[in-house]
Amino acid sequence: MPTPSRSLSQVAVCLLLLGVLGFAMSAQYAIGMPPLLKADEKQHAAYAIVLSQGVLPTIDTNTPADPVRYPQFAEALFGLDEPRRDIWVANHPPLFYVMSLPLVWLGDAVGNVGVTLLGMRLLNALGYALSIILVGLLARELVPRRRVVPVLSAAMVLGCGAVTYDGGAIYNDGWGTVAASLTLLLGFRMVREGVTRDRLIWATVAGVAAASFRSTGLVAVLVLGACVLAALWLRDPTLRTFRRGVVLAIRIGLAPVVVIGWFYVRNIVLYGDPTASAALFEKFSRQTHGDTLFQLVNPELYLHLYGSLWADDVIPKIWILAAVATLALTVTGMVLDVNAKARPRPDGVMRRVVIPGPEPTVLERRLEVAVRALMGIYCVIIIVNLASFHAGGGWIHARYAVPFLPVIAALTSLAILRVGRHWVDGVDEERADLRITLYAGVGFIVSAMVAHLHIQQRIDGPADASWLIALIAADLVMFVVAAYVTAQLRRRLRPDGEIFAGRSSGDQSPVAAANI
């Protein structure tokens, strides 16, 4: 059954524009950062290089350090102790590194490993850019009747300085997030629109890819199976339907086992567990931080995780203020929204929001609740795994907060739409949402650019003249893209112009608007 606000014409264009800007910013970091600057870059790049030589590395395989063939590695590894000279990220599945093989061969062909390093950074940048778009699409599934939410959510993610910064490094997180997010998105679409053969095939393929990028992708596969079961059961709550749903969920779960299960079995044989966490903690003599339950009830874990999106690694700690301000705005807006629904007022921030279009049916409401519950299950499993990782001695980075961004961004967007009514009172809901989204979206873009310039001051790039020219060119491209995206958002979100699906606001009926 189709849900309201299903056309993606203008929404998709806005999300694509924000994704392009995210890629431009990450690409500029990729060009401007010295080679192998960020933590783990050496190991991720070395994984691909060793794999190109026909060897699947272990966490004890040495990183190539030939000063003639790999001078960047030799310099980066100088002075490090033996454990940190190894490819300790070899506990990750190999799909990202298989994707990187053409870049390794290209670097070998031109005799410059720097080509490989830059190429792998740009590959991850593309993954992060697609992740920004997918966060918007997942936010749309969580809040299907407020069509500006995906645009506002993607803009909010762009404003998180650590997202584009990590996008410019050699990590497998970008494509791991893409595959996991796509798996969830296809699962949620099946919940809303029904299970079909094509949707099952594409969702299964996405799930296999997610499990082949990172172990956390297995959680997305688990939730995908639950999505199929929920999609069938909610429409036909019979024992026969339940059995069919269980069979389909098992088949979906078996696909990653058949394709990439051998790798996790290999980890168990080599290290004692599927992710090699215990072996890595022992390798680096990590100190425990309490137990998992302690971390789950520890507010510092959540605050650190949330704040890392704005201030992580070399990012100046002053940007933690942006995290505090965003969190305060989100909490305030959500409290006001709950209060407004319970005790609405005729105007101001407490007025009732009347969404154009017909009221959803009972089934549509159940499907909406199911999607949110399934997303909640995904987040709970991820946070439990993360708490266990941190308790065992692992560190928290912004990359680990990315799976929660669809929920964070959707809640922040709803809060902004509520609080923003203080400044756009006196206009209809349609125009109010558009104006608030435009102002907030531009604000996030400006914040992202300021953070970008601030972070750049903390990064010492190479002094080579040709590299400097490339860096200046990348800066210019980034600013041109930012200006173009801002102008396009202004045009496409203008309340009194052509805004969605080629319709002007003057000829758009409430029912038509609800179906966009």
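Is Arg 121 buried or exposed? In this predicted model, where local features need pLDDT of at least 70, side-chain atom pairs count only at pLDDT 80 or more, and totals for chains, interfaces and linings use all residues, Arg 121 is buried, because its relative accessible area is 4% (buried means under 20% relative accessible area, exposed over 50% and partly exposed in between, with a 1.4 Å probe and protein chains only). Residues are numbered from 1 along each chain as its sequence is written, and side-chain values use heavy atoms, with hydrogens and water left out.

Arg 121 belongs to helix H6 (helices are DSSP runs of H or I with at least four residues, numbered from the N terminus). Leaving aside residues up to four places away in sequence, Arg 121 is in contact with Tyr 29, Ala 30, Met 33, Pro 34, Pro 35, Leu 36, Leu 37, Glu 41, Gly 167, Gly 168, Ala 169 and Ile 170, contact being defined as heavy atoms within 4.5 Å.

The largest nonpolar core holds 138 residues, and Leu 18, Phe 73 and Tyr 378 have the most contacts inside it; such a core is a set of buried Ala, Val, Leu, Ile, Met, Phe, Trp, Tyr and Cys residues joined through side-chain atoms within 4.5 Å. Helix H6, spanning residues 113–142, gives the most to this core, with 13 residues. Another core, of nine residues, lies apart from it and includes Leu 200, Ala 203, Leu 224 and Ile 252.

Two helix pairs were examined through their axes, which are lines fitted to C-alpha atoms over the stretch in contact, with angles running from 0 to 180 degrees between N-to-C directions. The axes of H10 (residues 197–213) and H12 (residues 239–271) come within 9 Å and cross at roughly 30°, which means that H10 is roughly parallel to H12 (angles under 35 degrees count as roughly parallel, and those over 145 as roughly antiparallel). Leu 200, Thr 204, Gly 207, Val 208, Ala 211 and Ser 212 of H10 make this contact with residues of H12 that include Leu 248, Ile 252 and Tyr 264.

For H9 (residues 173–193) and H17 (residues 362–392), the axes also come within 9 Å, but cross at roughly 155°, and the two helices are therefore roughly antiparallel to each other. Here Ala 180, Leu 184, Phe 188, Val 191 and Arg 192 in H9 meet residues of H17, among them Leu 367, Glu 368 and Tyr 378.

Technical notes. Parallel < 35°, antiparallel > 145°, perpendicular 65-115°, else oblique.
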